[in-house]
Amino acid sequence: MIDETLIQELLRTTTGGNLFHREGQELEFKEQFNLGGLADYFRDFAAFANNKGGYLIFGVTDTPRKLKGISEASFNQFEKIDPEKITGFLLGIFSGNISWEQIVFNHRGKTFGVFKIYAATTKPIIAKKNEGKDQIIINGDVYYRYGGRTQKIQYAELETIINKRIEQNNNRWLDL
């Protein structure tokens with residue numbers, strides 16, 4: 001369940017009006033939501049799922065980071081999201097299950113769209129096909145959240161994920 005107190009904290013501003021929190025491993029900001037950008041968002045979903053999970057928050061300007069709120073058009077598109085369809089799309093694009101939820105959050109008279117993506121229980125989440133108008137998702141790629149950006153996974157993080165999966169499988173055999 002999405003913790004609204006945490007979202008309020010993530011949207012905290014400095015005395016100058018800029019956002020206090022920066023994008024990081026568990027946080028990404030976007031200015032507006034657009035259904036046409038789903039592939040880009042899905043890539044972020046996979047990256048968060050392969051790491052610790054995280055939040056994708058719509059309604060924050062890029063430079064400087066200020067609270068703007070999403071437009072009425074973005075709000076209408078965000079509200080039209082069918083969780084079953086999105087989960088179906090995600091299962092069609094990526095191996096494994098990406099757990100997520102969404103809310104519309106009102107803060108200081110502005111409206112924000114929020115996705116919470118949970119860390120995957122079985123990693124890595126791997127792209128099964130190319131997706132997006134610019135092929136932003138590539139078949140076989142594993143995306144990971146580093147600092148404030150999503151990119152293809154690096155060797156060290158992939159090795160850690162593989163070793164953890166081997167350990168989980170070994171423990172299952174020991175339990176039997």
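Start with the largest nonpolar core of this predicted model. This core has 28 residues, and F94, I98, F115 and I117 touch the most other members. Four elements each supply at least two of its residues: α2 (38-50), β2 (53-58), α4 (83-93) and β4 (110-118). The top contributor is α2, which gives nine residues. In soluble globular proteins, nonpolar side chains tend to be buried together.

Now look around F115. Set aside its neighbours within four places in sequence. F115 is then in contact with F33, F45, G54, Y55, L56, F58, F78, I81, W100, E101 and Q102.

Step back to the fold. The protein chain has five helices and six strands. Along the sequence they run α-β-α-β-α-α-β-β-β-β-α. Of the contacts between residues at least 6 apart in sequence, 65% join residues at least 24 apart.

Next come the overall dimensions. The C-alpha atoms fill a box of roughly 55 × 35 × 30 Å along the principal axes. The radius of gyration is 17 Å, which agrees with a compact globule, because 176 residues packed that way would have a value near 16 Å.

Finish with burial and the surface. Buried residues account for 41% of the 176 in the protein chain. The chain exposes about 9,800 Å², and carbon and sulfur atoms supply 50% of that area. The protein chain carries 23 positive and 22 negative charges.

Terms used:
Residues are numbered from 1 along each chain as its sequence is written. This is a predicted model: local features need pLDDT of at least 70, side-chain atom pairs count only at pLDDT 80 or more; totals for chains, interfaces and linings use all residues. Side-chain values use heavy atoms; hydrogens and water are left out. The radius of gyration is taken over C-alpha atoms; the globule rule is 2.2 Å times the number of residues to the power 0.38. Buried means under 20% relative accessible area, exposed over 50%, partly exposed in between (1.4 Å probe, protein chains only). Contact means heavy atoms within 4.5 Å. Accessible areas come from the Shrake-Rupley method with a 1.4 Å probe; for residues, only the protein chains shown count as cover. Lys and Arg count as positive and Asp and Glu as negative; His and the chain ends are not counted. The place of a charge is taken as NZ of Lys, CZ of Arg, CG of Asp or CD of Glu. A nonpolar core is a set of buried Ala, Val, Leu, Ile, Met, Phe, Trp, Tyr and Cys residues joined through side-chain atoms within 4.5 Å.
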